[in-house]
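Please keep the sequence and the structure in view while reading.

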Amino acid sequence: MEKRTRYMAVGLTVVITLGLLINISFAYAIPLTIKNIYLPLVLNNYPPAPILLPNGDFEQGPIIWDEFSTHGYELITKDLSITPYDGQWAAWLGGVFDEVSYIEQQVTVPNNLHYLSYWHEIYSSDTCGNDFERVLVNSNEVFTYDLCDPNDTDGWVQVAIDLSAYANQSVMIQIRSECNGSLNSNLFIDHVRLQYSSHTMSQPANNLISIDGSSLRMESQNR
Ligand SMILES: [Ca+2]
Ligand SMILES: [Ca+2]
Ligand SMILES: [Ca+2]
């Protein structure tokens, strides 16, 4: 009986040891198998996907961005005279005389996504050289564009700005409009993101009527 018990004990030890060895060999085998797959190298051939800035599509409402308007307008709004690029919200800058409007937030610019991109829609009744769209990074101007009748977009047009000088840095990104005391300009902004390249697109006009932009905000908001 004692001998039999000893054999059983030995047998059990052998079974447990084998079981452990099999487990260990599986544990090592799985990472070894993954190491030998070249999938990551294949994926590296594709550019990294763009990333939306926090609330970059404004669909969370007037949060995350800091806003300033000379006349105290809520710039991130659903109360728009146009169709947003996406969702229901966009930022509406300008649209009234003697107005500076801006939205800004602190963002880290990834090394491989260092193009700031957004969609803008412009309706102006002014001549060029009076009202402006600007982008500031840490208070440095990195983009400027005339808000004027010849630059009316009649739809959403994408902008891309190279921020490689700020790659791997946390920076304050400000998008602003400056309107003088006559002949109105409106600047709409939506879908602000960081992307891999300078590639841009435009979207066909989503407003079938032509807008001259002379009193867009005043008509819409009754001011
Ligand atoms: Ca939107
Ligand atoms: Ca003007
Ligand atoms: Ca116009």
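## Confidence in the model

The structure is a predicted model, and across the protein chain the pLDDT averages 84, with 71% of the residues scoring at least 70. Two stretches call for caution when the model is read. Over residues 24–32 the pLDDT stays under 50, and the model shows 0 contacts beyond four places in sequence for them. The pLDDT is also below 50 over residues 218–223, although this stretch has 5 contacts in the model beyond near neighbours in sequence.

## Overall layout

The protein chain contains 3 helices and 11 strands, and when it is read along the sequence, the pattern runs α-α-β-β-β-β-β-β-β-β-β-β-β-α. Of the 223 residues in the protein chain, 30% are buried. Among contacts between residues at least 6 apart in sequence, 81% join residues that are at least 24 apart.

## An open sheet of five strands

In which order do the strands of the open sheet lie? The order of its 5 strands is β2-β5-β10-β7-β8, and the pairing is antiparallel. Because β2 (66–69) and β8 stand at the edges with a single partner strand each, one side of each is left without a neighbour in the sheet. From one strand to the next, the twist averages 15 degrees.

As background for looking at any sheet, the side chains in a regular strand alternate between the two faces of the sheet.

## Strand β7 and its partners

Strand β7, which covers residues 131–137, is mostly covered, since 5 of its 7 residues are buried. With strand β8 (residues 140–147), β7 pairs in the antiparallel sense over 7 bridges, and one of the residues involved is D131, whose bridge partner in β8 is L147. The two strands β7 and β8 form a hairpin with 2 residues between them, and in the turn N138 has a positive phi of about 50 degrees.

Strand β7 also pairs in the antiparallel sense with strand β10 (residues 170–179), here over 6 bridges. In this pairing, V137 has I173 in β10 as its bridge partner.

Nonpolar side chains tend to be buried together in soluble globular proteins. In this model, the largest nonpolar core has 27 residues, and those with the most contacts inside it are L75, I76, A90, A91, I103 and I189. At least two residues of this core are supplied by each of β4 (90–94), β5 (99–108), β6 (115–124), β7 and β11 (185–195). Leaving aside residues up to four places away in sequence, A90 touches F58, L80, P84, Y85, F188, I189 and D190. A second, separate core of 10 residues includes L113, Y115, L163 and I173.

## A closer look at S185

In sequence, S185 and D131 are 54 residues apart, yet in space they are 6.8 Å apart, C-alpha to C-alpha.

Notes. Residues are numbered from 1 along each chain as its sequence is written. Chains are lettered from A and ligands numbered from 1 in the order in which they are written. This is a predicted model: local features need pLDDT of at least 70, side-chain atom pairs count only at pLDDT 80 or more; totals for chains, interfaces and linings use all residues. A residue is buried if 20 or more other C-beta atoms lie within 10 Å of its own, exposed if 12 or fewer, and partly exposed in between; C-beta atoms are placed from the backbone. Helices (H or I, at least four residues) and strands (E, at least two) are DSSP runs, numbered from the N terminus. Two strands pair if DSSP finds at least two bridges between them. A nonpolar core is a set of buried Ala, Val, Leu, Ile, Met, Phe, Trp, Tyr and Cys residues joined through C-beta atoms within 7 Å. Two residues are in contact if their C-beta atoms, placed from the backbone, lie within 7 Å. pLDDT is the predictor's confidence in each residue, from 0 to 100. Axes are lines fitted to C-alpha atoms, for helices over the stretch in contact, and angles run from 0 to 180 degrees between N-to-C directions.
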